[in-house]
Structures are given as C-alpha cells and as structure tokens.
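Good morning, and thank you for making time for this presentation.

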Amino acid sequence: RQRKGKFQSRREKDRKMNFDMLHPADQIVMIMNRIYYYGMTTTSGGNLSICDSDGTVWISPSGIDKGNLRREDIMQIKPDGTIVGIHRPSVEYPFHCAIYKKRPDLRAVLHAHPPALVAFSIVRKIPDTSLVPNAEMLCGEVSMAKYALPGSKTLGDNIAAEFERGINTVMLENHGVVIGAKSLFSAFMSFETLDYCARIQINASTLGRKAHGISDKYMQIYKQKTMPKMDEFIQTEYSSEERQVRREMCDLIHRAYGNQLFTSDQGTFSCKLSDGSFIITPYAKDRKYLEPEDLVHVKNGMREAGKKPSRSALLHAKLYERDPDIKSVIIAILKIDKQYFFLRMALCYQVLNMLIEHIRLTSTANPHQYIIGVFIKRDTPILESYFTNKLLLPKYDLLNDVFIHFLPFYAIWMQR
C-alpha cells in the first residue's frame, strides 16, 4: 500500500507534466518518488540514472533520503569521469556506467529492491512473466547475475556481462533488480510489471497449488493483437456531459492507480454518454498522469482524431451494444476478498483474447445484487463482474472495498 505524505501533495503538480520533456534530474526525482512511496525501495536503497545525448550520466546521490530527493540533489558524471554536484553519486554508479558502455542503445538504468523481487533473488528464482499477458513483452528475457558486494567492481562486471548478452532485465542474487531501457519511464514500466508478476506468484503459492502461466499458444495470440481498426472523426465541440465524464474518469483512474488497481500501462476504463458513444482510456499512456484531454471519444465505430484508444475498445463497444443498461466498464487489477467467491450467478465460457467480438454475456443481473461473477475459462481464470449501481462513485468505492486481501485477478467491472 502506498505511503502518504509528499507523494500525495505532489500529485496534482505531477499530473500536468509532460514526462518526456522533463530535465533528466526532474525525471529521476519523479520516478524515485514514485518507487519509494509505493514501498518498492527503502530510504537508502535503489538508484536511477539517465545517459544524456552528450554522454553525461545523471544519477541519484548516495546517502540521501529517497523520499525527499530534489532536482539539485541529482549528480552528474561527465564522459571524462568528472563528478559534478553537491553530493556523492550512488556508490553503484560504476555498474550504471559499465552498462552504458556495453549497451549504447540504452539511455536509462533503474535499480531498486522491492520486497517481492528481493525474495525471488534470495531463493535464486526468476518471476514467471507468463502469468501476465504483456509482462513477457515488457520485460523480455530476465536473467540472474551472480552475487557480489554492492558497489564493488565485481558486481558491476557481473551485471554488465548480462547486459552485454542483450538482456535488459537482470535480477541480482540476494539484492534486487537492474533494468535498462531507452527511457526512464520504459524502465519503470518493466520494473513495475516484473514486481507485479513476483507478487502474483507469491500470493498464488499460498494457495498450495502450482501457478499456471499463459501457454505459448495464447501468448502468441496476445502478441498479435493490434490497434482496433477505426476510422477517425474530428471532434469540434465537447458537451458539458462529456467534460464532466472526462474529469470524473481521470479522478477515478488516478485513485485506481494509487490503490494499485491499475499499473502504469494496465487498466482500462470507459463510460458511456447519453448519445450511446463512450469515452475510454488511451493506449500506451501512463495511467497515473492521465488528463481529461488524453481520453479518447469513440462514436459510431470511429475514434477521436489523433488519438489511440485502448486495444480493448472493441470489447467495450460490444458490451455496450449487447446490454444498453451498462453505463461504464473497468478492466482492472485487484485482489478479491474470499467472501466474493460465493457469487450468486456464474457462467463459464471460452475467450481467446480481450478483443474477441463474439463475447457471450448474460443480461440476467438481479438489480438488488451488487455483483455477479462470470468466470472466463482460459489458461488462467479471469473474474468478470457486473456492478448494478447506477452511480459512478459507489461502483468505485465497492471496487476499492474488495481490494483488501486475497488473490490478484484481472477483472472487468461493468456498471449498470
């Protein structure tokens, strides 16, 4: 669960920033703040760096509270080795520099110690990225580097050797993880996703049965998913209803991310307007910083010009078409409390991917029941649930209430 404090107070300011346009020092501060306040590293642990176009490496400092970093705290290491800044660079800066030397295609390196990944590193295991459809695509091959003392040349050599083989995600024995990418945000997405896989696997192991990943067959189907083919329309005006929906959706999306119901790249939310069209989350945009103008209007099978809707847009369209009483749909990551497994109605059916057009749904929901379960039989179970509330906020509150204890699932929540 996220820590409170400065993370919360910065939220409004952070949302309005274009991350790609931020100075490297500001990017490092923002991502470190995000990692720390989600409990994914310690006060003194973890380090981030960005290699600038001139070869300068910007890196987090050593011995400075990771929850209170300022842009002026970020250190520079010039191509000639000169160190610039008011502190000392991270003691592990040698392996950052070694990675950039071995892999000039990488522009950012992230190193942290989230408890779940440290647990895996202690038992010399790598999280199963087949548990989540896009994890394998984001993280790529994951390897394990031999143990050496933090900050030592040997550790740097061990890590750099793995990156030299073309690996971008490297677990460290009894230590944590190092991820390289073309941008710091890309590195963070891979990091967050790998940590999520580790937590899922640990939770699943408590059930006493083997966790089953998605088979190669269905993984290939997922990888072949493309953006839905939609013509564009130019939107010339926005009704007061649409403006209100966009604002409320963004507020709930940010809250969903804060409660770990969404990750930076996973989680889809749509809401139907009175004319039958709907507003939906965009493809490949950070859920934490979405603004009303980032959301995509889908109308008469067309998408708002210049924007990419979620790849599950056709699924949302089918749900609204099949049952006109549905007003909003959320595809989220959540933990279901045990009592919610005792559901009044359930139906099993086969689905190959989230964009299947012939999804079969019942429309027999009892308006006095808050939740109706529909289990999708795939390689792994997906819990699909209806909300019968008519207001947006009570639906989110109930979603938040059931986030408390049990086992992570992908879920589709539909509001009537």
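This is a predicted model: local features need pLDDT of at least 70, side-chain atom pairs count only at pLDDT 80 or more; totals for chains, interfaces and linings use all residues.

D216 and K217 are exposed. Helix 9 covers residues 216-223, and within it Y218, M219 and Y222 are buried. These three lie on the same side of helix 9, because they cover an arc of only 105° around the axis.

I turn now to the aromatic residues. The structure holds 5 aromatic pairs. One of them is formed by F188 and F191; the pair is tilted, with 6.4 Å centre to centre and 50° between the planes. Both residues belong to helix 8, which spans residues 184-205, and they are 3 residues apart, about one turn of the helix. F188 counts as buried because its relative accessibility is 1%. F191 is likewise buried, since its relative accessibility is 0%. A further pair is made by F278 and Y320, again tilted, at 5.3 Å centre to centre and with 45° between the planes. This pair links distant parts of the chain: F278 is in strand 11, residues 278-280, whereas Y320 is in helix 11, residues 313-322, and the two are 42 residues apart. With a relative accessibility of 4%, F278 counts as buried. Y320 is buried too, at a relative accessible area of 6%.

Which residues do ring pairs link into a cluster? They are F185, F188 and F191.

Let me return briefly to helix 11, where A317 also lies.

My next residue is W58, in strand 2, which comprises residues 57-59. W58 counts as buried because its relative accessibility is 11%, and the limit for that class is under 20%. Leaving aside residues up to four places away in sequence, W58 touches a set of residues including H23, P24, I28, L48, I50, I74 and M75. D52 is also among the residues that W58 touches, and the side chains of W58 and D52 make a polar contact at 3.2 Å. As for K78, it is 20 residues from W58 along the chain, and 8.8 Å separates the two C-alpha atoms.

Finally, the protein as a whole. It contains 12 helices and 18 strands. Of its 416 residues, 55% are buried. What share of contacts between residues at least 6 apart in sequence join residues at least 24 apart? The share is 69%. The accessible surface comes to about 19000 Å², and carbon and sulfur atoms account for 52% of that surface.

To close, I would ask you to look once more at two places in the model. One is helix 9, with Y218, M219 and Y222 buried and with D216 and K217 exposed on the other side. The other is the pair of F278 and Y320, which joins strand 11 to helix 11 across 42 residues of chain. Thank you for your attention.

Key: Residues are numbered from 1 along each chain as its sequence is written. Side-chain values use heavy atoms; hydrogens and water are left out. Rings of Phe, Tyr and Trp (its six-membered ring) pair if their centres lie within 6.5 Å; planes under 30 degrees apart count as stacked, over 60 as edge-to-face and the rest as tilted. Helices (H or I, at least four residues) and strands (E, at least two) are DSSP runs, numbered from the N terminus. Buried means under 20% relative accessible area, exposed over 50%, partly exposed in between (1.4 Å probe, protein chains only). The arc is that of the directions from the helix axis to the C-beta atoms. Contact means heavy atoms within 4.5 Å. Accessible areas come from the Shrake-Rupley method with a 1.4 Å probe; for residues, only the protein chains shown count as cover. A polar contact is a pair of N or O atoms within 3.5 Å; within protein, one must be able to donate a hydrogen and the other to accept it, and residues adjacent in sequence count only if both atoms are side-chain atoms.
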